[in-house]
Amino acid sequence: MPETILHVDLGAIAQNYATLQATAFNSEVAGVVKADAYGLGAAAVAPTLWQAGCRTFFTAKLAEATALRLVLPEAVIYVLEGLAEAEIATFVEAKLRPVLNQPVELQLWVAVARQAGRRLEAALQLETGMCRMGMAETDLADLSPDLLAAIDLTVVLSHLGSADEPASPRNAVQLARLHEIAAQLPAAPLSLANSSGCFLGPAYHLDMVRPGAALYGINPTPGRPNPMRPVV
Ligand SMILES: *Cc1c(COP(=O)(O)O)cnc(C)c1O
């Protein structure tokens with residue numbers, strides 16, 4: 001049977017990281033390595049990104065994050081799918097940070113923090129119009145303020161729904177919503193841009209950008225020349 005071999009150019013991934021850092025030069029560039037680094041193999045891709053200067057990583061699932069912890073003992077690792085009660089011990093032991101998407105997850109993490117006697121780090125995801133994941137403003141209004149004060153909010157993030165359409169008015173609406181809601185929360189670094197969002201201009205870069213696809217060579221600017229190097 002003929003074999004199919006996927007060649008992954010790790011050097012090109014490092015160059016793409018540098019391109020994104022040059023684009024969002026005032027922001028931290030985190031690496032999104034969910035789904036096994038988009039199928040390219042997180043065990044090889046993540047250390048390449050680390051070498052290129054990446055210090056913060058996002059996985060989707062807890063199992064991806066614990067595997068990543070073994071290869072990157074010093075990295076900051078967030079789990080986008082958040083936190084379930086049965087997963088708490090693993091999060092704490094592997095020093096992973098949940099992305100809190102619902103009030104119940106925040107309540108869980110606060111309980112863990114109170115038991116540990118320290119403010120544990122976490123990200124908070126806000127729903128700003130994409131109707132995907134994250135807490136709505138009404139969720140936050142219902143929370144008692146001491147909950148957010150009990151954890152270390154290391155990033156407040158939201159996800160753009162139309163970043164690959166620079167002319168879409170949704171982008172500016174989501175950016176404004178993020179600023180508006182974040183102003184009511186304890187001060188924390190902000191993050192909105194995925195790959196395409198990095199190319200919407202400096203207002204979208206905020207404190208951290210979160211590219212995935214562009215690192216792996218996919219054009220973040222459809223209809224225009226690809227600024228990324230091919231990887232596969
Ligand atoms: C997948 C994902 C990203 C990366 O998106 P790309 O379009 O691949 O750059 C960023 N943030 C969140 C929350 C994601 O789920």
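Which residues line the second largest cavity? The lining consists of A163, D164, P166, S196, F199, L200, P220, T221, P222 and R224. The model is predicted: local features need pLDDT of at least 70, side-chain atom pairs count only at pLDDT 80 or more, and totals for chains, interfaces and linings use all residues. Residues are numbered from 1 along each chain as its sequence is written, and side-chain values use heavy atoms, without hydrogens and water.

Two cavities of 30 Å³ or more were found in the whole structure. A cavity is a set of points, on a 1 Å grid over the protein atoms alone, where a 1.4 Å probe fits but cannot get out; lining residues have an atom within 4 Å of a point.

The disulfide count is zero, with a disulfide taken as a pair of cysteine sulfur atoms within 2.5 Å. The sulfur of C198 lies 12 Å from the closest cysteine sulfur, in C54, too far for a bond.

Helix 9 covers residues 169–182. Helices are DSSP runs (H or I, at least four residues), numbered from the N terminus. Its buried residues are N171, Q174, L175, L178, I181 and A182. They fall within an arc of 140° seen down the axis, so they line one face of helix 9. The arc is that of the directions from the helix axis to the C-beta atoms.

Conventions:
1 Å grid on protein atoms, 1.4 Å probe; cavity = no way out; pocket = protein on both sides within 12 Å on 5 of 7 lines; lining within 4 Å. Points joined across faces, edges and corners; volume = space filled by probe spheres on them. Helix = DSSP H or I, 4+ residues; strand = E, 2+ residues; numbered from the N terminus. Expected span 1.5 Å × (residues − 1). Buried < 20%, exposed > 50% of the residue type's maximum accessible area, 1.4 Å probe, protein only.
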